[in-house]
Every structure is written in structure tokens, then in C-alpha cells.
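Student: I have a structure to go through. Please take me from the definitions to the conclusions.

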Amino acid sequence: MKLRCAVLDDFQSVATTVADWSPVADSVDVVTFPRHFGSEDELAAALEGFEIVVTLRERVAFPASLFARLPALRLLVASGMRNSVIDFAAAERHGVTVCGTASSSTPPVEHTWALLLGLARGIVPEATALREGGPWQSTLGADLHGSRLGLLGLGKIGSRVAQVGLAFGMEVTAWSQNLTKERAEEVGVGLAASKEELLASSDFVSIHLALSERTRGLLGAAELGLMRPTGYLVNTSRAAVVDQDALLAALHAGTIAGAGVDVFDIEPLPAGHPMRTAPRLLATPHLGYVSHSNYRTYYGQAVEDIAAFLAGSPVRRLG
């Protein structure tokens, strides 16, 4: 009898077409779920009897309580090689192997610039006005050349965002708790003296930090209040780095010029969530990692993980 494999959050219904699942077709029946399950009860009911689950990024939490409700589960595959919402100790206790996949930093770098440029040049309001018979030109674009880009985080993604900023002729500075002057100089950017100095001196601030206890709530009302009223904030990292209520308050008050956001405290966003209607906000539904190449990698390597597990030699183990 074949094993059953559930693929979660396949919103675009592409999981079985962007990759070749034939290597496991004789052993596994694949069922994709194009909608998100908003509660543990829904998720546990949907996954009952599945031995394999493929989950996308960190959207679906797998706490100990969920593992206890899925006695058939034997393999959990998560896209990416880092996941903060899986209880690995509980997975081990319940006999569940957890594996990951590679993930490219290129799509989030590109999406960061899509948001930043969209904000700077008023792309959405201008395009909407053109289509709907609104005013012909209603905004003044913010110039990138000669302006300052402040990066919170200069890791794999942040350093590549920095290179694009330099190519635009921007002055780029960076800060994080562990960032050294030597590392900043390697990338060709300046080291801000402090988080506060970076926020106060930048025309554009872009966040590229991993979520941890040190970075959770790193930007609150006081920090956002340091930004220039002409400044823009971009977050393609993790929503919890920024106090969401404080961000909404700043957008409504107009104390910052705008924000480009791809990550949220609840995903998918409920219909009535205030982020859906906030002024001065360019928001996208967590598209930073969503690209053809990344999805080919995610699902192609998920197939490899499943095949290796079935052969008794799991690869890319997490935990």
C-alpha cells in the first residue's frame, strides 16, 4: 500500500508540476492543499493518516501538541534549512524525521528592491490612477541616487541588497548587534554607530535579520519615531522584528513616508486585518521566496528527501 504525502499551502497549485515526482510515484500518493489551515484542529483533521507532510517555509507551526495528534506521521519536509516553528525535540520523541531543502537568497533580494522601487516611485497609486481615470501624475518620486540606504542586517541577503543600492549610487550603511567594521568594509558599506543612528540618518531602511529573542520587537514606537518623515521602511524578513501596532500607528500618522511589507504577524492575513487597508503601505502576500527557481528547488529536493527516507538514508536532516 502506498504512503500518503500531504503538501501544505500550495496556493498556486504548482507543487506537482514544477518538480518531477515520478521517482516516488510508485510508493507515494501526493495530495496538495491549496488553502491554509488556520487552526491546529483543522490541520490535525486534514493530516490524519498521512505519513509524509511537506510544509512551506515557516508558515505552519508543528508544536508538540500537533505531533501528538498525528500518530501516522513519519517524515516532515520543510523548505529551507532553518525552521523556527517546528518542535524538533517533539518530532524526535514521536519518531518523525525532519528534513529540509536548499533555498536561494536571490528571490528575496529582488523582491526587496521591487518593494523599495515601488514605494520610491509611487508605482501602485500611479498605475491605479492611470487605469481608473484618475489624475495624470500625482506623486513626486523619491530619488535613490545620492540618498542613504540603511540596512538592518548584512548577512547573505542584506549584503546583496547592499550591492544593488551601491549600483544605484546610494550611500549604504548597515548595523546589527554583531556586525563589525571589517565585515561592513568587505561589502563596501559603512558601519552605523548604532541602530538609532542608522534609523535617524537613512532615507530608506531595509530589514534583513533572522528572528530571535534579540531581534523580536527590535523596532518599536520609539525606534520608528527616529525615522525621517520622508523615510521609507522595507521589511521582507520577519514581521515580528517590527512592532506591528507601532508600524500601523506611524503609517496612519504619517510620521514616515511609507512602508513596503511582505511579512505579517498572521499569514495569510484575515480579511479584516488592518494591514490590508493601512495608508502609505505597499504590501505583498509574502512573495519574497516565491519564484519559479525556488519552487523547483523546494519541491524537487522534497522529492529527493522522500526518496532518501524511503531508502532508509534520510538527507538534509534538520533538528
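Tutor: Start with burial: buried means under 20% relative accessible area, exposed over 50%, partly exposed in between (1.4 Å probe, protein chains only). This is a predicted model: local features need pLDDT of at least 70, side-chain atom pairs count only at pLDDT 80 or more, and totals for chains, interfaces and linings use all residues. Residues are numbered from 1 along each chain as its sequence is written, and side-chain values use heavy atoms, leaving out hydrogens and water.

Student: Why is cysteine 5 called buried?

Tutor: Its relative accessible area is 0%. Buried means under 20%. Cysteine 5 therefore counts as buried. Cysteine 99 is also buried, at 0% relative accessibility.

Student: What makes β4 and β5 a pair?

Tutor: Strands are DSSP runs (E, at least two residues), numbered from the N terminus. Two strands pair if DSSP finds at least two bridges between them. Strand β4 (residues 75-78) has three bridges to β5, and they run parallel. In one of them, leucine 75 is partnered with threonine 97 of β5.

Student: Why do β2 and β5 stand at the edges?

Tutor: The open sheet has five strands, in the order β2-β1-β3-β4-β5, with parallel pairing. β2 (28-32) and β5 (97-99) each have a single partner strand, so one side of each lacks a neighbour in the sheet.

Technical notes:
Helices (H or I, at least four residues) and strands (E, at least two) are DSSP runs, numbered from the N terminus.
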